[in-house]
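Keep the structure in view while reading.

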Amino acid sequence: MGKILVTGCAGYIGSVATDLFLKNGYAIVGVDNFQTGYRLVIEVLKNKYKNFSFYERDLKDNLDDIFQKEKDIKIVVHYAASCMVDESMKDPQKYFSNNVCGSLNLLNTMLKFNVKKIVFSSTCAVYGETQYTPVDENHPKNPINPYGESKRMVEKIIEWYGKLLGLNYFILRYFNVCGASDDGEIGDSKKPSVLLVQNAVRGALGIEKFYLTCPKVDTPDNTPIRDYINVVDLNEAHLLAVEKLLKEDNIFEIINLGTGSGNSVLEIVSKVEEITGKKIDRVFGKTRAGEYAKIYASIEKAKKVLGWQPKRTIEDSVKSLIAWYQKHPNGWEK
Ligand SMILES: NC(=O)c1ccc[n+]([C@@H]2O[C@H](COP(=O)([O-])OP(=O)(O)OC[C@H]3O[C@@H](n4cnc5c(N)ncnc54)[C@H](O)[C@@H]3O)[C@@H](O)[C@H]2O)c1
């Protein structure tokens with residue numbers, strides 16, 4: 001079957017993915033530099049599974065030895081990135097350097113070792129301000145922050161490598177990711193977290209004060225509308241993408257991953273209150289820069305090409321987060 005190289009496996013989405021891939025019998029080679037990832041989750045995964053090797057490494061550094069030592073890498077699933085919109089507005093250099101240069105070095109090393117299949121974590125931030133909803137993959141791409149722009153740049157490099165160098169790919173554009181693994185054992189530890197559902201649950205559980213940091217926008221309740229996709233559903237789509245890439249050649253696909261519908265920030269907060277039975281203080285925090293009013297995905301292509309659709313509801317995501325934060329109020333501590 002060969003091995004899957006997973007970058008960013010110590011981060012939120014990558015750690016849930018690594019658990020899922022290992023559970024499904026794949027051998028995983030993980031890479032992370034712990035920039036925003038956590039050592040503890042690597043220990044948990046190492047203790048739970050045999051087929052997992054890990055390298056602490058920055059993707060901008062030389063990666064040859066990993067491909068040399070792990071001879072049978074067949075495919076790369078590339079989650080590693082800097083991914084905070086607000087931070088990218090303050091420090092664009094970090095975003096172009098880490099996301100573009102890191103990905104470029106990874107892609108060039110893959111080709112050097114004849115690994116020509118990749119699943120790339122992209123984002124709905126490549127679309128920018130929505131011109132229509134639901135947003136399909138052909139929607140104009142006008143990123144309005146360096147984070148989205150850096151992801152679009154990597155998409156373009158991958159597309160050119162597909163045309164000219166035989167790279168096969170699924171570029172997966174995620175909408176807003178939420179939830180933890182179904183058993184609540186692996187989840188998000190961003191400090192501070194910028195993810196709404198996570199923060200609302202922490203607020204309801206009394207772990208941390210919940211601040212509304214969204215801008216006032218032109219939607220029915222004046223809070224932004226986003227499409228909240230469960231992290232396990234999202235990673236199940238990656239599993240299908242991996243299976244397809246391992247079986248077939250000539251795959252050059254860009255696909256949205258969302259639920260196909262949107263919720264406003266206040267709707268999510270009310271939902272978390274309803275499920276937890278706790279009132280959340282709505283302290284308005286500092287407005288975030290580089291944000292837009294409304295976006296949700298068309299997921300018709302994901303259904304057609306991957307045979308995928310989300311199975312978990314927002315209630316499921318909130319419940320998995322409650323389980324996660326009850327065991328790990330502050331996520332992984334180190
Ligand atoms: N969380 C979301 O809602 C969301 C939405 C759209 C897209 N994405 C994308 O999903 C991916 C994962 O996001 P996440 O929420 O899990 O973020 P995260 O910060 O929790 O995980 C990213 C991981 O990559 C590692 N990393 C970063 N730069 C690295 C480098 N140069 N070398 C090695 N490791 C490096 C970090 O240490 C971290 O473990 C990112 O590519 C992000 O852009 C996330």
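The report covers the ligand site and then one lysine in a strand. The model is a predicted one.

**The ligand shell**

The ligand has 30 residues around it, and Asp32, Thr36, Tyr79, Tyr147 and Lys151 come nearest. By class, this shell holds 14 nonpolar, 10 polar and 6 charged residues. Three elements each supply at least two residues to the shell: helix H1 (12-23), strand E5 (117-123) and helix H6 (146-165). Strand E5 gives the most, with 3 residues.

| Residue | Protein atom | Ligand atom | Distance |
|---|---|---|---|
| Ile13 | backbone N or O | oxygen | 2.8 Å |
| Asn33 | side-chain N or O | nitrogen | 3.1 Å |
| Lys151 | polar side-chain atom | oxygen | 2.6 Å |

The ligand exposes 820 Å² when taken alone, and the protein buries 96% of that.

**Lys117 in strand E5**

Strand E5 also contains Lys117. Is Lys117 buried or exposed? Its relative accessible area is 14%, which is under the 20% cut-off, so Lys117 counts as buried. The side chain of Lys117 reaches the backbone oxygen of Glu248 at 2.9 Å. Beyond its neighbours within four places in sequence, Lys117 is in contact with several residues, including Lys74, Ile75, Val76, Met110, Leu167 and Asn168. Leu245, Leu246, Glu248 and Asp249 are also among them. Glu248 therefore figures both in the contact list and in the polar contact with the side chain of Lys117.

Notes:
Residues numbered from 1 in each chain as written. Predicted model: local features only at pLDDT ≥ 70, side-chain atom pairs only at ≥ 80, totals over all residues. Heavy atoms only, no water. Near = heavy atom within 4 Å. Polar contact = N/O pair within 3.5 Å; in protein donor to acceptor, adjacent residues only side chain to side chain. Areas by Shrake-Rupley, 256 points an atom, 1.4 Å probe, with all protein chains shown as cover. Helix = DSSP H or I, 4+ residues; strand = E, 2+ residues; numbered from the N terminus. Nonpolar A, V, L, I, M, F, W, Y, C, P; charged D, E, K, R; others polar. Buried < 20%, exposed > 50% of the residue type's maximum accessible area, 1.4 Å probe, protein only. Contact = heavy atoms within 4.5 Å.
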